[in-house]
Amino acid sequence: MSVVLKEHQQMLHQMVVDFSRKEIKPLDMVIDKQKGYPKTLWDKIVETGFLGLIVPKEFGGADFDPVAEAQTIFDVASNSASVAFTLEGHYKTVDQLKKYGKASLKEKYLPEANKRIFGFGSTEPQGGSNVMGHTASAVKEGDYWILNGNKTMITNGGLAEVYLVLLKTAENELTCFLVDKDMPGFKYGKQEDFFGMRGTPVGEIFLENVKVTDEYMLGKIGEGVMIGDSAHYDARINMGAIAAGICQHALDIVLDYATERKAIDKPIIDLFSIQNKITEIAIAKENTQLLYEEAAKLKSQGKPYDKVSTMAKSYGSRAAFTSCDHALQVLGGYGYSNEYPVEHLLRDARALQIAEGSLEKMVIEIAKSVQMERV
Ligand SMILES: Cc1cc2nc3c(=O)[nH]c(=O)nc-3n(C[C@H](O)[C@H](O)[C@H](O)COP(=O)(O)OP(=O)(O)OC[C@H]3O[C@@H](n4cnc5c(N)ncnc54)[C@H](O)[C@@H]3O)c2cc1C
């Protein structure tokens with residue numbers, strides 16, 4: 001860990017570690033097999049206050065900063081990547097409401113964020129990477145905006161009750177709006193059957209003549225791309241934390257297994273080939289942690305963090321996948337079996353190379369940032 005936690009952050013960290021080990025860890029494989037959270041677990045997560053972690057105190061939340069937020073995501077992800085992924089989808093959306101919502105909208109919806117889960121909808125069936133190709137629209141009629149279209153592959157889609165969506169308000173112009181599942185014309189669509197992160201619901205929503213006032217617009221007309229980018233940069237800190245959490249989870253499994261498992265008469269942990277893999281996983285975890293913690297620190301200090309958060313996700317997503325592959329190899333045949341959690345960690349890790357911006361898009365962004373830094 002490269003950050004020094006303050007006393008209240010340390011207390012949160014200990015609470016999250018205890019909760020995750022007691023309540024989440026025993027259900028990790030159940031969550032993957034059942035493709036969802038047992039209701040009792042979800043109720044405990046909400047009751048414990050995880051949803052309100054970054055909600056300001058004046059709206060009933062715990063008001064923790066990005067460093068504590070990322071630490072929480074790491075602590076949860078070390079026990080279940082899916083639960084951490086659900087929280088990540090919620091936090092990035094709440095963060096944009098905090099940054100860009102009008103005062104009256106924040107008053108209405110930030111208290112809701114302590115109990116109801118939020119999601120961010122940008123991707124459409126015809127593509128996610130190129131947002132200017134989006135077709136879902138908002139058209140002004142008198143005092144109202146009429147919202148139409150669908151958004152797919154939303155983290156928490158189906159479970160979330162409140163969404164921020166990017167809608168076309170003119171040619172080459174996107175604007176961000178808040179929609180609530182209780183608005184007339186809002187409908188849930190299909191749920192994805194993804195091969196990893198199977199606890200996290202990822203689904204579609206339809207908007208059919210949903211009517212909202214200007215109050216429900218975040219930022220100004222045409223600021224949708226900027227808000228979408230901001231959501232990505234915030235999310236990528238936590239994606240780095242999930243990647244490092246997956247590495248930690250893999251490391252814990254490998255250390256236990258390699259200590260018990262014998263090559264005839266000695267534990268396989270004494271073999272150089274196994275130590276080599278353990279070392280690779282440990283370094284991957286540490287490097288990823290340094291990157292997302294640095295991004296979280298910069299964000300807490302009000303400094304630019306987009307480049308480092310993108311690096312945390314770009315590096316971390318590949319490091320987590322490779323680490324899970326090493327872990328699988330240490331467990332031999334059992335690593336390939338669904339009797340052990342490593343195979344689902346490998347599947348979970350793969351999602352991180354796509355969600356919150358594909359690896360290919362991040363290559364473009366990082367290369368551009370470092371080019372701009374030179375001039
Ligand atoms: C687990 C999971 C959770 C997700 N959660 C959300 C969410 O909460 N909200 C949301 O809106 N979306 C979400 N998504 C969707 C995700 O953002 C998109 O899948 C991603 O942006 C890629 O879009 P696409 O799948 O349409 O692929 P496409 O955009 O069709 O891309 C296909 C391939 O072409 C490459 N490519 C496309 N355009 C370019 C370009 N301009 N430059 C370089 N390479 C390019 C891509 O990198 C990719 O390899 C989620 C996806 C997953 C898997």
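**Entry 1: what I call a cavity.** Before I write down a volume, I need the term: a cavity is a set of grid points where a 1.4 Å probe fits but cannot get out. I also remind myself that this is a predicted model.

**Entry 2: the largest cavity.** How many cavities of 30 Å³ or more are there? I get a count of two. The largest cavity has a volume of about 40 Å³. I listed the residues that line the largest cavity: Asp-28, Ile-31, Asp-32, Ser-80, Ala-81, Ser-82, Arg-198, Gly-199, His-344 and Asp-348. Helix 2 (28-34), helix 5 (81-100) and helix 11 are the elements that each put two or more residues into this lining. Helix 2 has the largest share, with three residues. Sorted by class, I have two nonpolar, four polar and four charged residues around the largest cavity.

**Entry 3: the second largest cavity.** I put its volume at about 30 Å³. Its lining is made of Val-3, Val-67, Ala-70, Gln-71, Tyr-292, Glu-293 and Ala-296. Helix 4 and helix 8 are the elements giving two or more of these residues. By class, I noted five nonpolar, one polar and one charged residue in the lining of the second largest cavity. Where does this cavity lie? It lies between domain 1 (7-114) and domain 3 (226-374), because both give residues to its lining.

Entry 4: Next I looked up the second largest pocket, which holds about 250 Å³ of space. It is lined by 15 residues, and those closest to its centre are Arg-21, Phe-74, Ser-78, Gln-248 and Asp-252. Two or more lining residues come from each of helix 1 (7-24), helix 4 (66-77), helix 7 (224-260) and helix 8 (272-300). Which helix gives the largest share of this lining? That is helix 1, with four residues. I sorted the pocket lining too: three nonpolar, seven polar and five charged residues. Domain 1 and domain 3 each supply at least three residues to the lining of this pocket.

Entry 5: Helix 7 lines the pocket and helix 11 lines the largest cavity, so I checked how the pair is arranged. Their axes come within 11 Å and cross at roughly 165 degrees. Angles over 145 degrees count as roughly antiparallel, so helix 7 and helix 11 are roughly antiparallel to each other.

How values were computed:
Residues are numbered from 1 along each chain as its sequence is written. This is a predicted model: local features need pLDDT of at least 70, side-chain atom pairs count only at pLDDT 80 or more; totals for chains, interfaces and linings use all residues. Side-chain values use heavy atoms; hydrogens and water are left out. On a 1 Å grid over the protein atoms alone, a cavity is a set of points where a 1.4 Å probe fits but cannot get out, and a pocket is an open set with protein on both sides within 12 Å along at least five of seven lines; lining residues have an atom within 4 Å of a point. Grid points are joined across faces, edges and corners, and a volume is the space filled by probe spheres set on the points. Ala, Val, Leu, Ile, Met, Phe, Trp, Tyr, Cys and Pro count as nonpolar, Asp, Glu, Lys and Arg as charged, and the others, Gly among them, as polar. Domain bounds come from an automatic or database domain assignment. Axes are lines fitted to C-alpha atoms, for helices over the stretch in contact, and angles run from 0 to 180 degrees between N-to-C directions. Angles under 35 degrees count as roughly parallel, over 145 as roughly antiparallel, 65 to 115 as roughly perpendicular and the rest as oblique.
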